[in-house]
Amino acid sequence: MLNSEKKNSTGKEKKKEPFRSFFLKIVVIGFTGGVLWSLIGYLAYVLNFTKIGPNRALMLFAFDNWKNGVAGHFAGAAFIGIISILTAFLYYVLFKKVRSIWGGIVFGVALWAVVFCWLGPTFLKIDPLGRLGTNTIVTSICLYVLFGVFVGYSISYEYGERQS
(Lines give C-alpha, C1' and ligand atoms only; values in the text may rest on other atoms or scores of the structure.)
Protein backbone atom coordinates (compact mmCIF):
# COMPACT_ATOMS: atom_id res chain seq x y z
CA MET A 1 0.00 0.00 0.00
CA LEU A 2 1.34 3.47 -0.88
CA ASN A 3 1.94 6.14 1.76
CA SER A 4 -0.78 8.30 0.25
CA GLU A 5 -3.41 5.60 0.76
CA LYS A 6 -5.05 4.25 3.88
CA LYS A 7 -7.43 1.34 4.50
CA ASN A 8 -10.65 2.10 6.31
CA SER A 9 -12.55 -0.33 8.55
CA THR A 10 -14.31 -2.00 5.60
CA GLY A 11 -11.02 -2.86 3.93
CA LYS A 12 -11.51 -0.46 1.03
CA GLU A 13 -8.64 1.77 0.16
CA LYS A 14 -9.16 5.43 0.78
CA LYS A 15 -6.92 8.30 -0.27
CA LYS A 16 -5.25 10.08 2.61
CA GLU A 17 -5.81 13.80 2.59
CA PRO A 18 -2.68 15.67 1.54
CA PHE A 19 -1.11 17.72 4.30
CA ARG A 20 -1.25 20.99 2.36
CA SER A 21 -4.98 20.66 1.64
CA PHE A 22 -5.55 20.69 5.41
CA PHE A 23 -3.70 24.00 5.63
CA LEU A 24 -5.76 25.31 2.72
CA LYS A 25 -8.85 24.48 4.77
CA ILE A 26 -7.42 26.51 7.65
CA VAL A 27 -6.93 29.45 5.27
CA VAL A 28 -10.53 29.18 4.04
CA ILE A 29 -11.90 28.81 7.58
CA GLY A 30 -9.94 31.83 8.82
CA PHE A 31 -10.85 34.08 5.91
CA THR A 32 -14.51 33.06 5.92
CA GLY A 33 -14.80 33.51 9.67
CA GLY A 34 -13.14 36.91 9.57
CA VAL A 35 -15.29 38.25 6.75
CA LEU A 36 -18.51 36.71 8.06
CA TRP A 37 -18.24 37.96 11.62
CA SER A 38 -16.88 41.38 10.67
CA LEU A 39 -19.84 41.87 8.30
CA ILE A 40 -22.16 40.88 11.12
CA GLY A 41 -20.22 43.39 13.21
CA TYR A 42 -20.91 45.99 10.54
CA LEU A 43 -24.62 45.18 10.81
CA ALA A 44 -24.36 45.63 14.59
CA TYR A 45 -22.63 48.98 13.93
CA VAL A 46 -25.40 50.10 11.54
CA LEU A 47 -28.04 49.08 14.09
CA ASN A 48 -26.17 51.03 16.82
CA PHE A 49 -25.32 48.02 18.96
CA THR A 50 -21.66 49.05 18.82
CA LYS A 51 -19.67 52.20 18.14
CA ILE A 52 -16.94 50.28 16.32
CA GLY A 53 -17.23 49.01 12.74
CA PRO A 54 -14.85 46.88 10.67
CA ASN A 55 -13.27 50.00 9.20
CA ARG A 56 -11.19 50.35 12.41
CA ALA A 57 -8.89 47.67 11.05
CA LEU A 58 -7.79 50.17 8.37
CA MET A 59 -6.82 52.97 10.76
CA LEU A 60 -3.10 52.31 10.33
CA PHE A 61 -3.18 52.12 6.55
CA ALA A 62 -5.88 54.30 5.00
CA PHE A 63 -5.55 58.05 5.44
CA ASP A 64 -8.47 59.25 3.31
CA ASN A 65 -12.07 59.79 4.37
CA TRP A 66 -13.38 56.91 2.23
CA LYS A 67 -12.62 54.52 5.09
CA ASN A 68 -15.47 56.10 7.10
CA GLY A 69 -18.09 55.14 4.51
CA VAL A 70 -19.62 51.85 3.43
CA ALA A 71 -16.64 51.06 1.17
CA GLY A 72 -14.31 51.48 4.16
CA HIS A 73 -16.31 49.02 6.21
CA PHE A 74 -16.31 46.42 3.41
CA ALA A 75 -12.58 46.94 2.83
CA GLY A 76 -12.08 46.59 6.58
CA ALA A 77 -14.04 43.33 6.54
CA ALA A 78 -11.81 42.00 3.74
CA PHE A 79 -8.70 43.06 5.66
CA ILE A 80 -10.01 41.39 8.82
CA GLY A 81 -10.54 38.25 6.72
CA ILE A 82 -6.87 38.29 5.77
CA ILE A 83 -5.76 38.85 9.37
CA SER A 84 -8.10 36.07 10.45
CA ILE A 85 -6.10 33.60 8.40
CA LEU A 86 -3.20 34.22 10.78
CA THR A 87 -5.44 33.88 13.82
CA ALA A 88 -6.80 30.59 12.45
CA PHE A 89 -3.24 29.26 12.22
CA LEU A 90 -2.66 30.51 15.77
CA TYR A 91 -5.71 28.53 16.89
CA TYR A 92 -4.38 25.49 15.06
CA VAL A 93 -1.05 25.73 16.87
CA LEU A 94 -2.53 26.32 20.34
CA PHE A 95 -5.90 24.53 20.49
CA LYS A 96 -6.24 22.07 17.60
CA LYS A 97 -6.79 19.10 19.93
CA VAL A 98 -9.57 20.76 21.93
CA ARG A 99 -12.77 19.05 20.82
CA SER A 100 -15.25 21.23 22.69
CA ILE A 101 -16.77 24.63 22.33
CA TRP A 102 -14.70 25.97 25.23
CA GLY A 103 -11.49 26.20 23.23
CA GLY A 104 -13.18 28.58 20.79
CA ILE A 105 -14.76 30.60 23.59
CA VAL A 106 -11.44 31.02 25.40
CA PHE A 107 -9.71 31.88 22.12
CA GLY A 108 -12.38 34.47 21.22
CA VAL A 109 -12.23 36.16 24.62
CA ALA A 110 -8.43 36.21 24.55
CA LEU A 111 -8.48 37.68 21.04
CA TRP A 112 -10.98 40.33 22.17
CA ALA A 113 -8.74 41.23 25.12
CA VAL A 114 -5.71 41.61 22.85
CA VAL A 115 -7.59 43.80 20.38
CA PHE A 116 -9.53 45.98 22.82
CA CYS A 117 -7.02 46.26 25.66
CA TRP A 118 -3.74 46.45 23.77
CA LEU A 119 -4.06 47.00 20.01
CA GLY A 120 -7.21 49.14 20.11
CA PRO A 121 -6.06 52.05 22.23
CA THR A 122 -2.52 51.87 20.87
CA PHE A 123 -2.99 51.46 17.11
CA LEU A 124 -6.65 51.38 16.10
CA LYS A 125 -7.93 54.57 17.76
CA ILE A 126 -10.44 52.68 19.90
CA ASP A 127 -11.46 54.46 23.10
CA PRO A 128 -10.43 52.92 26.42
CA LEU A 129 -12.88 50.35 27.81
CA GLY A 130 -14.34 52.80 30.32
CA ARG A 131 -15.57 55.09 27.53
CA LEU A 132 -16.85 52.48 25.08
CA GLY A 133 -20.18 51.76 26.70
CA THR A 134 -21.79 48.53 27.75
CA ASN A 135 -23.48 47.84 24.41
CA THR A 136 -20.21 48.11 22.49
CA ILE A 137 -18.31 45.92 24.94
CA VAL A 138 -20.95 43.18 25.16
CA THR A 139 -21.59 43.14 21.40
CA SER A 140 -17.90 43.00 20.53
CA ILE A 141 -17.21 40.24 23.07
CA CYS A 142 -20.09 38.22 21.62
CA LEU A 143 -18.79 38.69 18.07
CA TYR A 144 -15.28 37.65 19.05
CA VAL A 145 -16.59 34.61 20.92
CA LEU A 146 -18.68 33.61 17.90
CA PHE A 147 -15.63 34.05 15.66
CA GLY A 148 -13.54 31.95 18.05
CA VAL A 149 -16.16 29.20 18.16
CA PHE A 150 -16.55 29.21 14.37
CA VAL A 151 -12.82 28.98 13.73
CA GLY A 152 -12.10 26.74 16.68
CA TYR A 153 -14.78 24.17 16.12
CA SER A 154 -14.11 24.05 12.38
CA ILE A 155 -10.37 23.52 12.81
CA SER A 156 -10.76 21.03 15.65
CA TYR A 157 -13.30 19.06 13.62
CA GLU A 158 -11.02 18.95 10.56
CA TYR A 159 -8.06 17.99 12.72
CA GLY A 160 -10.08 15.20 14.37
CA GLU A 161 -11.25 13.91 11.01
CA ARG A 162 -7.70 13.91 9.73
CA GLN A 163 -6.49 11.94 12.76
CA SER A 164 -9.17 9.26 12.48
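Me: Why is Trp118 called exposed?

Reply: In this predicted model, Trp118 has a relative accessible area of 53%, and exposed means over 50%, with buried under 20% and partly exposed in between, using a 1.4 Å probe on protein chains only. The value of 53% is over that cut-off, so Trp118 is called exposed.

Me: Which residues is Trp118 in contact with, leaving aside its neighbours within four places in sequence?

Reply: Contact means heavy atoms within 4.5 Å, and with those neighbours left aside Trp118 is in contact with Ala113 and Phe123. As for Pro128, its C-alpha lies 9.7 Å from that of Trp118, the two residues being 10 apart in sequence.

Me: What should I know about the numbering and the atoms behind such values?

Reply: Residues are numbered from 1 along each chain as its sequence is written, and side-chain values use heavy atoms, with hydrogens and water left out. Since the model is predicted, local features need pLDDT of at least 70 and side-chain atom pairs count only at pLDDT 80 or more, while totals for chains, interfaces and linings use all residues.

Me: What is found at Trp118 in helix 3?

Reply: A kink of about 40 degrees lies there, shortly before the proline Pro121; the bend at a residue is the angle between axes fitted to the seven residues ending there and the seven starting there. Helix 3 itself covers residues 101–124, and a helix here is a DSSP run of H or I with at least four residues, whereas a strand is a run of E with at least two, both numbered from the N terminus.

Me: Which residues of helix 3 are buried, and what covers them?

Reply: Among the buried residues of helix 3 are Gly104, Phe107, Gly108, Leu111 and Val115, and what covers the buried residues includes helix 2 (70–95), helix 4 (129–132) and helix 5 (134–163). An α-helix has 3.6 residues a turn, so residues three or four places apart point the same way.

Me: Why is Asn48 called exposed?

Reply: Asn48 has a relative accessible area of 64%, which is over the 50% cut-off, so the word exposed applies. Asn48 lies in the loop between helix 1 and helix 2, and it has a positive phi of about 65 degrees although it is not a glycine.

Me: How many helices and strands does the protein chain have, and in what pattern?

Reply: The secondary structure comes to five helices and two strands, and read along the sequence these follow the pattern β-β-α-α-α-α-α. Of the 164 residues, 37% are buried.

Me: Where is confidence lowest, and where is it highest?

Reply: The term pLDDT is the predictor's confidence in each residue, from 0 to 100, and the chain averages 85, with 87% of the residues scoring at least 70. Confidence is lowest in strand 1 (residues 5–7), at a mean of 47, and highest in helix 2, at 94. Over residues 1–7 the pLDDT is below 50, and beyond near neighbours in sequence this stretch has 14 contacts in the model.

Conventions
The expected span of a helix is 1.5 Å times one less than its number of residues.
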